[in-house]
Amino acid sequence: MEATSPHCLICVLTVSPSRSQFFKGDCVSLSCEEDNSSAGWTVRRNTTRETRTQCDEWGKPAGSTCNISYLVPEDSGVYWCEWREGAASSSIQLTVTGGSVILQSPVLPVMEGDDVTLSCHTKTAPSNVEAVFYKDGFFIRTEPAGHMTLHHVTSSDEGLYRCSISGHGESPSSRISVSGKPSTTSGPSTPSGPSTPSGPTTSPSPTSVSPPHTPHFVPYVLLSLACVIVVVLLVLILVLLVRRHVQRKSEGDQEARGEGFTDSDVKISHQCQKNRSDRGEIVCLCSRLSIYKH
């Protein structure tokens, strides 16, 4: 009887203890789990020193499980399950640090809407120690007990997270991925085979702490307000100058007329005088007299 084809099955690589970061000297168990039977699956990995090597070259295989009893930083890399005929599960990233601080975070993508708790641990200090958390290199907040919970996660919560503990150092960065909730209205479908990892990936080095961004629109609002004030002041000054110019021109016109008299200031009178000419005729002489009022 032939074995069931794995292309119709879904295999998941599980990690115990369930976290993506480990201290040097820790142990870990990697298991390929699938709906019906995990037989025929083996754990493989890519690291900076090797590619597509299987469990018996760096761990102790036990069926579809691979155990590593003593982790070293060189064990950091990408791990996945692979069927003997070539099908593969989704991959996970494991990081082994020689430092004294790790971030405990989910290994697999978390479901949208779920709560996710991140914990910062040291190798020597007690578990509940004040820790500072960062996302993509930016400060999030400080937690006095060393635990931070993200409530009702969405795709905006995806990113690289790390933590630091005063006097002990900081952890490597780990990526948190958020997957959408499966649709309940669509009909059944046949899952396709998982993709094969293309090569090893390394976790990004921690970046320096940067202060929160100041909104970029604030300087533009202040600059626009200042420009409006300057324009209003210039308009007022221009109006005052025009009014002063008109007033001076009016005064100059009055001075140019030499403070002239109007008709009401002049009184015209006529005077007539009778005189006798040499021939004895009577002649009337009239004169016009203008009197100006002051």
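User: Is Glu-82 buried or exposed in this structure?

Analyst: A residue counts as buried when its relative accessible area is under 20%. In this predicted model, Glu-82 has a relative accessibility of 7%, and therefore it counts as buried.

User: Which residue does the side chain of Glu-82 meet in a salt bridge?

Analyst: Side chains of opposite charge can pair when their charged atoms come close. Here the side chain of Glu-82 meets that of Arg-44 in a salt bridge, with 3.4 Å from N to O. Because Glu-82 lies in strand E8 and Arg-44 in strand E4, the pair ties together parts that are 38 residues apart in sequence. Arg-44, at 17% relative accessibility, counts as buried.

User: How many salt bridges does the structure hold, and which residues are joined into one network?

Analyst: The structure holds seven salt bridges. One of them is formed by Glu-170 and Arg-162, whose side chains meet at 2.8 Å, N to O; Glu-170 is partly exposed with a relative accessible area of 37%, whereas Arg-162 is buried with 2%. Salt bridges that share partners also join Arg-44, Arg-52 and Glu-82 into one network. Another salt bridge links Glu-143 with Arg-141, where the closest N and O atoms are 2.6 Å apart. In that pair Glu-143 is buried at a relative accessible area of 18%, while Arg-141 counts as partly exposed at 30%.

User: How are strands E4 and E8 paired, and what is the order of the strands in the open sheet of five?

Analyst: E4 and E8 pair in the antiparallel sense over seven bridges, and one example is Thr-47, whose bridge partner in E8 is Gly-77. The open sheet of five strands has the order E2-E9-E8-E4-E5, and its pairing is mixed. E2 and strand E5 (53–54) stand at the edges with a single partner strand each, so one side of each is left without a neighbour in the sheet.

User: Which strands are joined to E9 by bridges?

Analyst: Strand E2 (residues 21–23) is joined to E9 by three bridges, and these two strands run parallel; within this pairing, Phe-23 stands opposite Thr-97 in E9. E8 is also joined to E9 by three bridges, but here the strands run antiparallel, and the bridge partner of Tyr-79 in E9 is Ile-92. E9 is mostly covered, since five of its six residues are buried.

User: What is the strand order of the open sheet of four strands?

Analyst: That open sheet has the order E1-E3-E7-E6, with antiparallel pairing. Its edge strands are strand E1 (11–16) and strand E6 (60–62), each of which pairs on one side only, and the twist averages 20° from one strand to the next. Inside this sheet, four bridges join strand E3 (residues 28–34) to strand E7 (residues 65–68), and Val-28 has Ile-68 as its bridge partner in E7.

User: Which residues touch the most other members of the largest nonpolar core?

Analyst: In a core, one can look for the members that touch the most others, and then for the elements that supply them. The largest nonpolar core has 22 residues, of which Val-15, Leu-30, Val-43 and Tyr-79 touch the most other members. E1, E3, strand E4 (41–47), E7, strand E8 (77–83) and strand E9 (92–97) each supply at least two residues of this core. A second, separate core of 18 residues includes Val-101, Cys-120, Val-153 and Cys-163.

Key: Residues are numbered from 1 along each chain as its sequence is written. This is a predicted model: local features need pLDDT of at least 70, side-chain atom pairs count only at pLDDT 80 or more; totals for chains, interfaces and linings use all residues. Side-chain values use heavy atoms; hydrogens and water are left out. Two strands pair if DSSP finds at least two bridges between them. Axes are lines fitted to C-alpha atoms, for helices over the stretch in contact, and angles run from 0 to 180 degrees between N-to-C directions. A nonpolar core is a set of buried Ala, Val, Leu, Ile, Met, Phe, Trp, Tyr and Cys residues joined through side-chain atoms within 4.5 Å. Buried means under 20% relative accessible area, exposed over 50%, partly exposed in between (1.4 Å probe, protein chains only). A salt bridge is a side-chain nitrogen of Lys or Arg within 4 Å of a carboxyl oxygen of Asp or Glu.
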